[in-house]
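Try each task before reading its solution.

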Amino acid sequence: MNKFSHTSAGLKSLCYELCVNIHGNFHRAATIFGPRWDKPIYEDFSFHFEPTIKVKTLEVAIHHRSLDDLLGDCQSRTAVEAWNAEEPCGKLIGSSGSILPLRECSNKVIHADSFEYQYGSYQTKDFETNQTYVNSVEESELILVGRHGKKEWKVALDILLYAENVYQYAHYAEQEFGI
C-alpha cells in the first residue's frame, strides 16, 4: 500500500480519480452515438467504467478508514467525529432506513459482497442525422449487499456524493490535524 495514500493529499487524489471515472462514464453515455464511436478502441469502452469505479470506490473506502483510524489513534476521537458531512451519502435499505455516517459508509463498501449498479437513461441527439437516442447509464447510486453474521444488509450509496464527502473529510483532516 502506498504510504502517501494515508495522508489527506493521497485520499483527496483517490477521490478525484473516482469522480473522474464517474463523470467519464456519464460523458460516455451522453456521447455513445457520436461520430467517433465506430473506431475499434471504443468497442469495449463501456465495459471499462463499472470495474474501475468499483476498484476506485474500494480504494477510497480503505484509505478513508485508514486515515480515520490514524486520526483516531493520534488525536482525540471526539475531534475526528466532530466532522460531519453536509449531505449524507448512504442509508440502510429496509425497515430502519437509517442514514449512515461517512465512516460506516466506508465500512459497508469494504465489507460488501456485491455492488449493484443502478441504471438510468440519458437522452442524446446526433446532430448530423438529427436522430435522438436513449442510452443506458450507470447512475451514481450503488446498492451494496453484505452480511453481518447471518443477517443480510443492503445500503444505497451515492458514490459521487460519497467521493465528495470523503474529499471534504480529507480536507478537514489536513486543515485541523496537518495530516
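## Exercise 1: A salt bridge along a helix

The side chain of Arg-65 pairs with that of Asp-69 in a salt bridge, at 3.4 Å from N to O. A salt bridge here is a side-chain nitrogen of Lys or Arg within 4 Å of a carboxyl oxygen of Asp or Glu.

This is a predicted model, in which local features need pLDDT of at least 70 and side-chain atom pairs count only at pLDDT 80 or more, while totals for chains, interfaces and linings use all residues. Residues are numbered from 1 along each chain as its sequence is written, and side-chain values use heavy atoms, leaving out hydrogens and water.

Task: Work out how Arg-65 and Asp-69 are placed in helix H2.

Solution, step by step:
- Arg-65 and Asp-69 are 4 residues apart in helix H2, so about one helical turn separates them. Helices are DSSP runs (H or I, at least four residues), numbered from the N terminus.
- Asp-69 is partly exposed, because its relative accessibility is 27%. The classes are buried (under 20% relative accessible area), exposed (over 50%) and partly exposed in between, with a 1.4 Å probe and protein chains only.

## Exercise 2: Another pair in helix H2

Task: Describe the salt bridge between Glu-59 and Lys-56, and say how many salt bridges the whole structure has.

Solution, step by step:
- The side chains of Glu-59 and Lys-56 meet at 3.1 Å, N to O.
- Both sit in helix H2 (residues 46-74), and being 3 residues apart they are separated by about one helical turn.
- Glu-59 is partly exposed at 25% relative accessibility, whereas Lys-56 is buried at 17%.
- A search of the whole structure finds 8 salt bridges.

Methods: Helix = DSSP H or I, 4+ residues; strand = E, 2+ residues; numbered from the N terminus.
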